[in-house]
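Work through the exercises below with the model open in a viewer. Try each task before reading its solution.

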Amino acid sequence: MHVSAEEAVAELAQARDKGLPVFGETCPQYLFLSTDNLAEPDFAGAKYVCSTPLRPSEHQAALWRALRTDDLQVVSTDHCPFCFSGQKELGRGDFSKIPNGMPGVENRMDLLHQGVVDGHITRRRWIDIACASPARMFGLYPKKGTIAPGADADIVIYDPHAEHVISAETHHMNVDYSAYEGKRITGRVETVLSRGEPVVNGGRFTGRAGHGQYVPRGVCQHLNS
């Protein structure tokens, strides 16, 4: 989990080439952020303290390549919405007191789609690493991770041409900063159906309490079946 360095990718690839049943996961922060963010002035670098830590930007190409070649199978997001004011700032004078983690679950699908726009991955691969592969890895397929008769109607309607700028002023997360503040993105979720019921419409949450259902895990299934 949280593969962030080229050397770690190489170990995973070597193990998989030997036929070992191992999988790799990375996160959006390792694809778009780097140690340069940790060096931001006025203690702003505290916003980006997480584990595993951010790496120099030259590691990003190896991560994108591994997503293309299936040496990494999934991109997921720990969501740690510590506010900068009053929480991340606890580490002033002692970095070990900085709460560990970053917010970002709202931006994951759009950031990954930017990888499509930038030519790092195909649109089909975007769907695989964000939706289909996780469902298979956690034994939730075919109830989840596919659009087919008998599956849950979990469907995202996505506008691949919509442009927007990520900002704390417009996101819906209950946190006072964005790790991707000012980043221009092409692509945006328009509608989300959960078991056929709209829960996001036009970028606005329309779900209701009590709609969620517990889904027990099953056995990991072959990702290429």
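The model is predicted.

**Exercise 1.** Find which strands stand at the edges of the open sheet of four strands.

Solution. Start with the strand order, which is 3-4-5-6, with antiparallel pairing. Strand 3 (155–165) and strand 6 (204–205) each have a single partner strand, so they stand at the edges, and one side of each is left without a neighbour in the sheet. Next take strand 4 (residues 184–194) and strand 5 (residues 197–201), which pair in the antiparallel sense over four bridges. T191 has N201 of strand 5 as its bridge partner. Finally, look for what packs on the sheet: helix 5 (residues 108–117) touches strand 3 and strand 4, and its direction makes about 130° with that of strand 4.

**Exercise 2.** Decide whether helix 5 and helix 6 are roughly parallel or roughly antiparallel.

Solution. Helix 5 and helix 6 (residues 123–137) pack at an angle of about 150°, their axes being 9 Å apart. Angles over 145 degrees count as roughly antiparallel, so helix 5 is roughly antiparallel to helix 6. On the helix 5 side, the contact is made by R108, M109, L112, H113 and V116. On the helix 6 side, R123, W126, I129, A130 and C131 take part. The crossing is right-handed.

**Exercise 3.** Is S167 buried or exposed?

Solution. Locate S167 in the loop between strand 3 and strand 4. Its relative accessible area is 11%. Buried means under 20%, so S167 is buried. Then check its surroundings: leaving out residues up to four places away in sequence, S167 touches S178 and E181. The side chains of S167 and E181 are joined by a polar contact of 2.7 Å.

Definitions and conventions: Residues are numbered from 1 along each chain as its sequence is written. This is a predicted model: local features need pLDDT of at least 70, side-chain atom pairs count only at pLDDT 80 or more; totals for chains, interfaces and linings use all residues. Side-chain values use heavy atoms; hydrogens and water are left out. Two strands pair if DSSP finds at least two bridges between them. Helices (H or I, at least four residues) and strands (E, at least two) are DSSP runs, numbered from the N terminus. Contact means heavy atoms within 4.5 Å. Axes are lines fitted to C-alpha atoms, for helices over the stretch in contact, and angles run from 0 to 180 degrees between N-to-C directions. Buried means under 20% relative accessible area, exposed over 50%, partly exposed in between (1.4 Å probe, protein chains only). A polar contact is a pair of N or O atoms within 3.5 Å; within protein, one must be able to donate a hydrogen and the other to accept it, and residues adjacent in sequence count only if both atoms are side-chain atoms. Angles under 35 degrees count as roughly parallel, over 145 as roughly antiparallel, 65 to 115 as roughly perpendicular and the rest as oblique. A crossing is left-handed if the near helix is turned anticlockwise from the far one by less than a right angle, and right-handed if clockwise.
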